[in-house]
Amino acid sequence: MVMSQGRGNAIAVSVLLLGMLLHCGNVWAATYTVGDAGGWAFNVVGWPNGKTFRAGDVLVFNYNPASHNVVGVGKHGYDTCTAAGQKFQTGSDKITLVKGFNYFICGFPGHCANNMKIAVNAM
């Protein structure tokens, strides 16, 4: 009986540790504020330069939702400033990066053309 109780405790501890590891899987993810102190604004296109991003990292887009939004687009939408994609408009959007290129533009007319867009490559 003592042996089966010890085995049961070991299983319970293993399950608990596995659950903690799964829950903390993104513990090494970084959070970046797009545009730094200036936030999501015009001419932010170069903001990703020199930064290393990984899948699971979080981008925070801070802006006035009466003036801007964030639209997740593909390469074509990024290149042509076509806002056909998932739209965020809270003014404090948190978006988790996926592996590969992640493209974001402002969907307000003329904003993307004024470099309110970023392309982020996550490893």
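Asn 115 is partly exposed, with a relative accessible area of 29%; partly exposed covers the range between buried (under 20% relative accessible area) and exposed (over 50%), using a 1.4 Å probe and protein chains only. Its place in this predicted model is the loop between strand 6 (100–105) and strand 7 (117–122). Asn 115 also has a positive phi, near 65°, although this residue is not a glycine.

Cys 81 is another residue to look at. Here phi is positive too, about 55°, again in a residue that is not a glycine. Cys 81 sits in the loop between helix 2 (75–80) and strand 4 (86–88), and it is partly exposed, at 30% relative accessible area.

| Residue | Phi | Relative accessible area |
|---|---|---|
| Cys 81 | about 55° | 30% |
| Asn 115 | near 65° | 29% |

Now for the whole protein. There are 2 helices and 7 strands, running in the order α-β-β-β-α-β-β-β-β along the sequence. These are DSSP runs numbered from the N terminus: helices are H or I with at least four residues, strands are E with at least two.

Of the 123 residues, 33% are buried. Among contacts (heavy atoms within 4.5 Å) between residues at least 6 apart in sequence, 68% join residues at least 24 apart. The protein exposes about 7600 Å², and carbon and sulfur atoms supply 60% of that area, computed by the Shrake-Rupley method with a 1.4 Å probe; for residues, only the protein chains shown count as cover.

A note on reading the model: residues are numbered from 1 along each chain as its sequence is written, and side-chain values use heavy atoms, leaving out hydrogens and water. Because the model is predicted, local features need pLDDT of at least 70 and side-chain atom pairs count only at pLDDT 80 or more, while totals for chains, interfaces and linings use all residues.
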